[in-house]
Amino acid sequence: MANLVWQIGDVRITRVPETVTAIPLVGFFPDATPEALAPHLPWLQPHFVDADGNALLSIHGLVVESQDQTILVDTCIGENWPETNPLDRSALLDGPTSPFLANLEEAGFARERIDVVLCTHLHFDHVGCNTMRVGDEVVPTFPNARYLFARTEWEHWRTQEDPGFAATLGVTVEPIVAAGLAELVACDHAITDDVRLEATPGHTPGHVSVRISSRGRHALITGDMTHHPVQWAEPAWGIAADSDGAQATRTRQRILAEHVDDELLVIGTHYAPPTAGRLVRRGGHVRLETA
Ligand SMILES: [Zn+2]
């Protein structure tokens with residue numbers, strides 16, 4: 001299947017998949033009872049909820065091309081699965097290796113072509129391919145890239161006794177810092193004139209989304225400020241892994257207040273294909289309306 005591509009003014013965004021998996025909705029969102037979900041199912045199916053009522057969850061990277069910069073937003077799971085992770089790796093990835101780097105190259109983005117790597121936050125499924133193993137060594141996967149990490153995010157996780165889903169930090173982020181390729185940036189850092197970070201805290205303390213604005217067109221790469229489109233209809237639904245659930249809800253409510261019924265294209269970091277849509281109000285509920 002061809003990769004999904006979006007053109008926002010002069011900026012081109014390409015989705016490069018790692019995996020799509022089905023997870024029981026109630027297990028993922030404790031508030032997602034069948035009764036609470038019922039009014040939203042007509043628009044969630046078939047793309048975002050399967051016939052058995054499971055949430056479809058995608059893991060992918062997004063390549064943003066802007067002003068001669070090739071920017072990779074999030075680097076998936078790769079080979080770095082945290083041992084403390086209660087999830088089952090084999091439920092997410094078939095076999096021992098991740099297809100992400102091969103898919104990236106096939107999409108026309110060899111490792112050497114990446115100028116900037118941006119991790120929306122430091123959980124294992126966003127930093128996994130930052131590094132790779134060559135023999136006994138762990139080396140940066142993208143040798144010509146500057147790796148951007150929000151300073152707040154790095155300062156938070158590096159001092160945590162229990163890093164939770166950021167448990168792969170030692171092999172995916174610290175070697176980048178040691179190699180001198182890391183740039184610790186503010187949560188509103190501008191990467192190009194058209195592409196900048198935007199603070200969207202809650203899921204993690206230094207979580208950032210990516211705002212794209214070019215020639216009067218606008219898009220937002222969510223990161224994990226949402227995991228699933230149903231959270232636009234139910235912004236108070238959080239997941240166990242949120243650092244601060246109340247803050248995560250406020251972040252979603254801010255985006256809703258600013259963008260319902262406008263032209264913003266929301267591109268979800270964990271949304272299954274078609275992965276992007278606009279926030280519209282229909283019959284009292286907000287939904288993500290895909291093209
Ligand atoms: Zn994630």
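Before you click anything, one term: a residue is buried under 20% relative accessible area, exposed over 50%, and partly exposed in between, using a 1.4 Å probe and protein chains only. What you have open is a predicted model, where local features need pLDDT of at least 70, side-chain atom pairs count only at pLDDT 80 or more, and totals for chains, interfaces and linings use all residues. Residues are numbered from 1 along each chain as its sequence is written, and side-chain values use heavy atoms, with hydrogens and water left out.

**Stop 1: Asp-10**

Select Asp-10. With a relative accessible area of 43%, Asp-10 is partly exposed. You'll find Asp-10 in the loop between β1 (5–8) and β2 (11–24). (Strands are DSSP runs of E with at least two residues, helices are runs of H or I with at least four, and both are numbered from the N terminus.)

Which residues touch Asp-10, leaving aside its neighbours within four places in sequence? Show Glu-65, Asp-194, Ser-214 and Arg-215, which are in contact with Asp-10; contact means heavy atoms within 4.5 Å. Now zoom in on Arg-215: its side chain makes a polar contact of 2.6 Å with the side chain of Asp-10. A polar contact is a pair of N or O atoms within 3.5 Å; within protein, one must be able to donate a hydrogen and the other to accept it, and residues adjacent in sequence count only if both atoms are side-chain atoms.

**Stop 2: the sheet with β1**

Next, colour the open sheet of 7 strands, ordered β1-β2-β3-β4-β5-β8-β9 with mixed pairing. Two strands pair if DSSP finds at least two bridges between them. At the edges, β1 and β9 (182–185) each pair on one side only. Pick out β3 (residues 54–66) and β4 (residues 69–73), an antiparallel pair with 5 bridges. Val-64 has Ile-71 in β4 as its bridge partner.

**Stop 3: a hairpin**

Hop over to β6 and β7, which form a hairpin with 2 residues between them. Gly-135 in the turn has a positive phi of about 60°. The antiparallel strands β6 (residues 131–134) and β7 (residues 137–140) are joined by 4 bridges, and Val-134 has Glu-137 in β7 as its bridge partner.

**Stop 4: the zinc ion**

Select the zinc ion. Which protein atoms are its donors? Look for Asp-125 (OD), His-126 (NE2), Asp-224 (OD) and His-270 (NE2), lying 2.1 to 2.2 Å from the zinc ion. Donors are N, O and S atoms within 2.8 Å of the metal (3.2 Å for Na, K and Ca); water is not among the atoms, so sites may look incomplete.

Two of these residues link distant parts of the chain: His-126 is in helix α6 (residues 124–127), while Asp-224 is in the loop between β12 (217–221) and α10 (230–233), 98 residues apart. Buried or exposed? His-126 is buried, at 0% relative accessibility, and Asp-224 is buried too, at 2%.

**Stop 5: the sheet with β15**

Finally, highlight the open sheet of 6 strands, with mixed pairing and the order β10-β11-β12-β13-β14-β15. Why does one side of β10 and β15 have no neighbour in the sheet? Both β10 (195–199) and β15 (285–289) stand at the edges with a single partner strand each, so one side is left without a neighbour. Follow β14 (residues 276–282) to its antiparallel partner β15, joined by 5 bridges.
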